[in-house]
Amino acid sequence: MSEAHIVLERASRWYGQVIGLNDVTCSIGPGVTALLGMNGAGKTTMIRLLTGQIRETTGSVRVFGEEPFANPRVFRRLGYCPELDNFYEHQTGRQFVYGMARLSGFSKAEATRRTHEVLNHVGMTDRAGRKIAGYSKGMRQRIKLAQAMLSDPEVILLDEPLNGLDPVGRREFIDVLKALAAVGRTIIVSSHILFEVEQMTRSILLLNRGRLLATGDLSAIRLLIEKYPHRIRIETSEPRAVAQRLIGLPYVLNVQFDPRGQSVEFQTKQPNDFYDEVPKLILDDGLPIDSVTSPDNNLESIFKYLVAS
Amino acid sequence: METYIYSSMLRELTRFRRIFAWVLIALAGIGMAALCRNLMASGSSSDAYVLLSDAFAFRVLPLAAAILSMAVISQEVEQKTIVYLLTRPIPRWQLILFRSAAAMTVTFAISALTLAVLAASTSLLTSGVFFRDLAAAAVGSAAYVSLFVLVSLIINKSMIVCILFAFVWESTAPLIPGDLYRLTITGYLQGISQHPSVGTGDQDFMASISNVLGAHQATEWVSYLSMAILVAACLAASCYWFSTNEYMAREDS
C-alpha cells in the first residue's frame, strides 16, 4: 500500500508481564480494514497505540509518518470511536458532540454547524436533545461515531462499533463506513465477529494472542480454511432420513448423529455445494429442517485452522 | 480552544448538583458565627470571625480543593471519559493548565463565599482582616489545587492522600515543635492573612484552638514567594507528568 497512513514495524506492547501486542508489522491505507480477533487478541491495544493513548514498548508505530502518542498533529487528522460506553451522562447528545467539536479547535459557529452535520449523518438529529443517560446502546454508538467524524478525519478508528446496534442500525452504520471509505478515508474497524466484518470489508488483519496471524483479503483466509473439512449441523426431527439423502453426495466426507436424535452433523470440503443441496431437502423430499448451522463459521475455528496450518 | 477548556471545566464544576452542597456549607457559617459569639465568653465579633476563619473557612478550602482537583483528570480516568480528552488535538499540558485554573477559580469562589458569609455574620465585611483572608484564600486555592492535581496524576486513590494531607498533616505539623510548619500550606496562608491572637487564652477553649493553629507564621512576603514557587513547581510537574505518561480507564490499565 503506497499511501499507507498507518505503519507498524515490529511493534510490541507489554503490560507488565502480559503482552498486549507482539511484534506486529503492517501498513494500512485507504478503505475499510477490519481488525479481527477474539477478545484479548490485542485489537484494543493496537487501536490504543494508533490513537496515541499508549506507547509501544518496542518497534515503532507511525500515523501520518508521526509518532502518535500525545500528538495533537495526528489527532487533528484522526477520529476515534472507543469501545468503552462511557459518557458525560448529564449532557445531551448535542452538548457532548458540540463540546468535542470545540475541544477539536472549532469556533462556536463552526462547531455548531459540524455538530448538526454529523448528528444528521448518524441519524441522531431528532434525539440529540435528550440526556445521554437515557440513550439506548445503539444511540450511544451513534453519538460516539458522530464525535469521531467531527473533523472530517482522514483516518477513523472504530473499536467494536457494531456492539449493541440493531440490524437496521448495523446496516446504516456499515453504509456510512462504506461511504466514507469510498471518498478515500482510511477506516479501521475492530471486531470479534467474522460475520460483521464480512459485511464491511474484504481487507482484514487477523490478530490472535497479540500476534498478527494473517493479513490481506478475507477470501485468502477463507481459502486457507477450505483446505480443512467444514462441519455443518442440520437440526431436524428426522436425522436419519436427512443423512440417507445426503450421504451419497461425493463431497460429504463424514456423518455424525446427535445422541438425542435431534440433529445430524456432516463434514465436507465443499460447503457451498453442500448448502445448495439443503433447500432441496425441504422442497423435493419434504424433510423437516429446523436449522442449518456451521460450528466452524466462527473466529475460534479459523484460529484453530490457521494455527494448525 | 484554551478558553473553551477553561470555561467548559468551569461549567462542569459549577453544575447545580456539585455546587449546591458547597453553598450550604458556606451558609452554615451564619449559624456557626452566632454560636461562636455565644460560646466565646469575652470575645468580640472580630475574635469570632478570626476563629471561624481559621477553624472553618480555611478547612473548607482544602476540602473543596481536594474534591475539585479530582475532577481535573482523576475523575475522567475513573469515569473512563478520559479517552475523549486524550484523543482531541489539544496539547496535554493545556488540558492540565486550564482545567486546573478552573478548579482553582471554583475553589476560591467557594472559600470566598464562606469567608464572606462569616464576615457578614460578624459585621466585618469591610475590614482589612477579611480582605487579607481573601488574598490568602486565593493563594491557598492555587496552592492546594496545584498540589492535589499533581498527586492525583501520580497516585491512584489520591483523594485519601489529599484529605489526609489537608486534615491530618496540615493540622498536626504546626503543633510539632520546630520548623515543620514550613512544610504545610496553612502556615504560609496564615502568614498572608496575619490573623491577630484571639480571646483570653487558656480559659477559652474555642479561642485556644484558633491560637494553636496560628502559632507559627511565616512572614508575608516569604509566604507569597513560597506559595508562588509551590504552585509553579506543581503545575510544571503536572504538565510534564501528564504529557509523558499513559492514562487509561482504571479498569483497563
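Trainee: Which residues are linked with D85(A) in a network of salt bridges?

Mentor: This is a predicted model, in which local features need pLDDT of at least 70, side-chain atom pairs count only at pLDDT 80 or more, and totals for chains, interfaces and linings use all residues. Side-chain values use heavy atoms, with hydrogens and water left out. A salt bridge is a side-chain nitrogen of Lys or Arg within 4 Å of a carboxyl oxygen of Asp or Glu. By that criterion, the network joins D85(A) with E89(A), K137(A) and R140(A).

Trainee: How many residues apart in sequence are the parts that K43(A) and E160(A) tie together?

Mentor: The closest N and O atoms of this salt bridge are 3.6 Å apart. Both partners are buried (under 20% relative accessible area; exposed is over 50%, partly exposed in between; 1.4 Å probe, protein chains only), K43(A) at 5% and E160(A) at 4%. K43(A) lies in helix α1 and E160(A) in the loop between β6 and α6, so the parts tied together are separated by 117 residues. Helices (H or I, at least four residues) and strands (E, at least two) are DSSP runs, numbered from the N terminus.

Trainee: In which helix do R114(A) and E110(A) both lie?

Mentor: Their side chains meet in a salt bridge at 2.8 Å, N to O. R114(A) is buried at 17% relative accessibility, whereas E110(A) is partly exposed at 22%. The two are 4 residues apart, about one turn of the helix, and that helix is α4 (residues 108–121) of chain A.

Trainee: How many salt bridges does a search of the whole structure find?

Mentor: The pair R231(A) and E265(A), at 3.4 Å from N to O, is another salt bridge. It links distant parts of the chain, strands β10 and β12. Over all chains, the search finds 26.

How values were computed: Residues numbered from 1 in each chain as written. Chains lettered and ligands numbered in written order.
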